[in-house]
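Dear colleague,

I am handing over the structure that we spoke about, and it is shown just below. Please look through it first, and then read the notes that follow.

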Amino acid sequence: MQIPVEGVTKEEWLTVAAFWYPVVPAPILKKWEQAELLLKVAARYDIQCVLHKVDLWLLSKAACMIAPSAAAGASAAAAAAATEALALSAASVWKWLHLADKAGLTACLPAIAKRAAEKDREGCSSHDNLRGLSNGALLETVAALADVGARGDGYCKHCCTTRRFKCTYCARTDTLALLC
């Protein structure tokens with residue numbers, strides 16, 4: 001007898017089940033598309049063990065979210081990270097920040113917020129990118145903006161911590177009214 005699960009195909013459910021139940025050898029999360037599927041289904045059905053695995057995977061992959069020029073190094077690992085980062089646009093980093101926030105992931109959220117602040121300077125001032133984030137995710141994003149500003153990359157640390165930020169990159173000042 002089959003029990004229909006609305007909004008999830010049999011193949012998607014079997015993918016999630018492989019990470020949920022103890023299977024030997026344990027499946028390895030390799031692709032962003034697979035992580036997105038696991039995250040959406042596990043969040044929908046509150047499967048904490050799968051959410052935890054995706055949280056740790058996203059934390060380990062946060063380095064791949066940096067701009068390719070910043071990842072250019074002598075090691076093969078840095079070259080691989082640069083190649084993978086090419087596929088992750090600035091919009092993709094914001095997408096992952098929203099997905100992680102909606103799923104309640106905590107380990108990867110600061111790292112993804114940091115990548116969003118580093119990779120998409122103009123996007124940080126966009127209310128469209130900030131709309132819908134929880135207070136915790138907004139605070140992580142503001143902290144990441146302040147950290148980027150402390151390094152002299154264009155953001156004003158004082159403005160970030162007082163719920164305003166000024167971007168010298170685009171010469172725009174916005175109030176982060178969503179934090180109030």
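**What was found**

The largest pocket has a volume of about 160 Å³, where a pocket is, on a 1 Å grid over the protein atoms alone, an open set of points where a 1.4 Å probe fits, with protein on both sides within 12 Å along at least five of seven lines, and the volume is the space filled by probe spheres set on the points, which are joined across faces, edges and corners. Please keep in mind that this is a predicted model, in which local features need pLDDT of at least 70 and side-chain atom pairs count only at pLDDT 80 or more, while totals for chains, interfaces and linings use all residues. Residues are numbered from 1 along each chain as its sequence is written, and side-chain values use heavy atoms, with hydrogens and water left out.

The lining of this pocket, meaning residues with an atom within 4 Å of a point, consists of Q2, I3, P4, V5, V8, T9, K10 and W13. By class, five of the lining residues are nonpolar, two are polar and one is charged; here Ala, Val, Leu, Ile, Met, Phe, Trp, Tyr, Cys and Pro count as nonpolar, Asp, Glu, Lys and Arg as charged, and the others, Gly among them, as polar.

K10 also belongs to helix 1, residues 10-20, in which V16, A17 and F19 are buried (buried is under 20% relative accessible area, exposed over 50% and partly exposed in between, with a 1.4 Å probe and protein chains only; helices are DSSP runs of H or I, at least four residues, numbered from the N terminus). Seen down the helix axis, the buried residues of helix 1 fall within an arc of 160 degrees, taken from the directions from the axis to the C-beta atoms, so they line one face. The face turned away from that buried side carries the exposed residues K10, E11 and L14. Among what covers the buried residues are helix 2 (32-44) and helix 3 (48-61).

Helix 2 also holds E36, which is buried at a relative accessible area of 18% and touches K95, W96 and L99, leaving aside residues up to four places away in sequence (a contact means heavy atoms within 4.5 Å). Of these, W96 is found in helix 6, residues 90-103, and is buried, with a relative accessible area of 2%.

With kind regards

Notes
Helix = DSSP H or I, 4+ residues; strand = E, 2+ residues; numbered from the N terminus.
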